[in-house]
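Please open the model in a viewer and prepare to select residues one after another.

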Amino acid sequence: MKPVISPGDRVSVEIRVQGYYRGTQKGTVLRWTESGRISVKLDGKGEVKNVSPDQVKKVADG
């Protein structure tokens, strides 16, 4: 079964610091890690973050 979020997908990432909501950023999925997190390259600075799947929402295509 293919996961809903795949490498190359555009996503919106909810940024949290110590459990507190700090905003959202858009980025591109790089890969799923072995531990079940998603590696995302954020727009702007090009920073790569490993985030929990519950922090990620796929952006509609088109």
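Is Lys-58 buried, exposed or partly exposed? With a relative accessible area of 39%, Lys-58 is partly exposed; buried means under 20%, exposed over 50%, and partly exposed in between (1.4 Å probe, protein chains only).

The model is predicted, so local features need pLDDT of at least 70 and side-chain atom pairs count only at pLDDT 80 or more, while totals for chains, interfaces and linings use all residues. Residues are numbered from 1 along each chain as its sequence is written, and side-chain values use heavy atoms, with hydrogens and water left out.

Next, select Asp-9 together with Lys-58: their side chains form a salt bridge (3.6 Å, N to O), a term for a side-chain nitrogen of Lys or Arg within 4 Å of a carboxyl oxygen of Asp or Glu. Asp-9 lies in the segment before strand S1 (10–17) and Lys-58 in strand S5 (residues 56–58), so the pair ties together parts 49 residues apart in sequence. Strands (E, at least two residues) are DSSP runs, numbered from the N terminus. Asp-9 counts as buried, at 15% relative accessibility.

Move on to Asp-54 and Arg-16, whose closest N and O atoms are 4.0 Å apart in a salt bridge. Asp-54 is in the loop between strand S4 (48–51) and S5, whereas Arg-16 is in strand S1, so this pair ties together parts 38 residues apart in sequence. Asp-54 is exposed at 54%; Arg-16 is partly exposed at 35%.

Finally, select Glu-47 and Lys-49, a salt bridge with closest N and O atoms 3.7 Å apart. The structure holds 5 salt bridges.

Notes
Helix = DSSP H or I, 4+ residues; strand = E, 2+ residues; numbered from the N terminus.
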